Amino acid sequence: MTISCKISGDGKKLVMLIDERFDFSLHQKFRDAYTSVMTQDLTYVVDLSQTEYMDSSALGMILLLKDHAQLYAGKIIISRPSDTVRKILEIAQFQRLMTIE
Amino acid sequence: MSQSQKIALVVDDSRMQCKLLSVLLEEENYRVVVANNGESGVKMYIKYQPDLVLMDINMPIMNGFEATRRIKKLSGVGNLAPIIFITSMDSEQAFIQSVDAGGDSILVRPFTPNVFKAKIKSMQRISDLVEQVKGLQQEQQNDAELAEKMMSNVIEARNFALDKIGIIKKPATIFSGDIQLSALCPNGELHVLLGDFTGHGLRSSIGAIPVTETFRAMTKKGFSILEIIAQINKQMYTLLPGDLFFAASFASISEHEKSAYIFNAGLPDGYLFNNDAKIMQQFASTHPPLGILPQLLPDAQLEVIQVKNNDRIVFITDGIVEARNPLGEFFGFLRFEKAAIEGIAKKDLTNNVLKYLDEFCQQCEQEDDISLVNIPCSGWKKIKVTNKVSIPKGFSEEENYFGIPQGALPTWSYHLHLTGKLLKTVNPIPLVMNQINDLEGAGEHWQSLYTILTELFINALDHGVLELNSSLKDSAEGFSQYFNERSKRLDKLVGNVINTPDDFVRISLKYFPLSHGGKMVINIKDSGQGFEVLKVIKDNSIAINDGLKLSGRGVELVNKLCDTLEYQEKGTLVTASYIWHI
């Protein structure tokens, strides 16, 4: 299980591509992907296009990322969730807290 | 780890070998026991429970492989009794066989005493590690059990009406923090909470105690469900680490108003079922789980619904819909709804859902707590309306049975004048009830007073200050329209720091102790235009007798509870007196 990360060409986006299962087992890797990033005004894109399952600890991880982003005046975009995953995000009303596209 | 002398078991049919190994082991501070064949080796193992076993392979009666298999079976999973084979068969075959039989290591003769001692030390190190892991596992298990015990025995055992509310509660192998609470409000309304903390084990139960305390204490003091939710959110925000939160659904059910208030923050849809097992309404999550935001979102709102007798409200956590069968499929909403609908027809929703779940999941290990609450909307404690005290037979009006002092002054009085925006943000009833409790102590008789104050205050605010027409509440559509309009008008109330705003409600209490109890005189004045109270009461009593009307029961109820009830100044001032008898 991995997370692949890349900075966009213009250096304004950090894209984090998540695996099929987004759960507690990704905890450390997910954190490692952003903790050392201290760029101001960065957009963190959590790409969920590959993700089929997400649990509540994944929601918790996203919230930690949000805290981190806010610290450096950045923002979060949740990108391309599947219908199942979108449903989980909606139950938690995450669209009220961040952008989901 | 025990500091006492370790025991080694030597199993070998050569007495010479036994002697040799015993000497070396004793030098390493072991107490040595000896067996001369596999069978007696197994017996000795059972008797002495050694820390280390040295096993020969070829022996009469039972060989070393068989003895090892039996010992490993006896010692069970996760329990390491390290077994070292000692052999002169230096073959690949012997090595593989000894590992297959369950041996932990093999030592081929000839070897020097130092090699032997080194081998033993390394085995002991591994077995010490296993012991340590076992200890840690046990500790974790204890923690999880403590958390679970705390939830079920300490917290949930104190719930109200456990016999009436249907509950499913199946904790996962690792306890994961679902919580079910119910409590009764002073005015007879019922508050219910079903919540799900993120995380597993003890970590997920950090919030349970504060949530419980807040829920119970605030309900008892008469705070509204939204105020309680806001407070729990604030508490969880301060208390829980960033990635932990509390998804929860709340219901406040008023039997006498035939209504319920629902709030779902992060749980799957809740349901309203009618008596014919039809899904009347679903309550989707409208707010992020509690503990994420420092305050509730400004548009956080309760859903107000009308309920009928025998309707039931059902909340579930995601453990139900995400329960899996051996094929890895989810139980899902459709199966849940089917089980629930069928269950209502069988008059046992809770157990039918449970039955379906068990059949679906078979013996699959459960990944998350499975919880459900099934709350009937009727059959709750009726507010006592008969406790208006009457003068017993044989006393005449003139005898002043209650000893009401003519023209006497009250022993204390209390005034609360709320203006403008405060009418939206402050619920004065808990404040007032707190004062009364502080001054006169707690007592059963305050329940009716609570109801009187609540109804009169709401009337003054809704019909007086906000000029809402209660006839709106007569139809189902009007019912929600009424509450929408109400919150819109509340938002318009202004806070003005320089001039006192025009809108106000003033509550005054005067207390007179009596020889057999006490008397409270309540005055509530509002800034509205007034309304034709008599007409409302008259209409209501006719309508209630006909069983027609949904709204306006407040005044009728208060009239029954009070000794006197009088509206003056076009309905903008109400004076009620309440007498209780000890």
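In β2(A), which residue is the bridge partner of C5(A)?

Modeller: M16(A) is the partner of C5(A) in β2(A). Some ground rules come before the rest. This is a predicted model, where local features need pLDDT of at least 70, side-chain atom pairs count only at pLDDT 80 or more, and totals for chains, interfaces and linings use all residues. Residues are numbered from 1 along each chain as its sequence is written, chains are lettered from A and ligands numbered from 1 in written order, and side-chain values use heavy atoms, with hydrogens and water left out.

Back to that pair of strands. β1(A) and β2(A), residues 13-18, run antiparallel and are joined by five bridges. Strands here are DSSP runs of E, at least two residues, and helices are runs of H or I, at least four, both numbered from the N terminus. Two strands pair if DSSP finds at least two bridges between them.

Contact means heavy atoms within 4.5 Å. Angles run from 0 to 180 degrees between N-to-C directions, with axes fitted to C-alpha atoms, for helices over the stretch in contact.

Chain B has an open sheet too. Five strands pair in parallel, in the order β2-β1-β3-β4-β5 of chain B. Its edge strands are β2 (30-35) and β5 (105-108), each pairing on one side only. The twist averages 20° from one strand to the next. β4(B), residues 83-87, pairs with β5(B) over four bridges. There, T87(B) stands opposite V108(B). Helix α2(B), residues 38-48, lies across β1 (6-11), β2 and β3 (52-55) of chain B, at about 145° to β2(B).

Further along chain B is a hairpin. β11(B) and β12(B) form it, with five residues between them. β11(B) covers residues 270-273 and β12(B) residues 279-283; they pair antiparallel over four bridges. F273(B) stands opposite I279(B). In the turn, A277(B) has a positive phi of about 65°.

Most residues other than glycine have a negative phi, and most peptide bonds are trans. N29(B), not a glycine, has a positive phi of about 75°. N29(B) sits in the loop between α1 (15-27) and β2 of chain B. R109(B) and P110(B) are joined by a cis peptide bond, with omega about -5°. P110(B) is in the loop between β5 and α5 (113-155) of chain B.

Last, the interface. The contact takes 17 residues from chain A and 19 residues from chain B. The rule finds one salt bridge across it. D299(B) and R96(A) make that bridge through their side chains, at 2.6 Å, N to O (a salt bridge being a Lys or Arg side-chain nitrogen within 4 Å of an Asp or Glu carboxyl oxygen).
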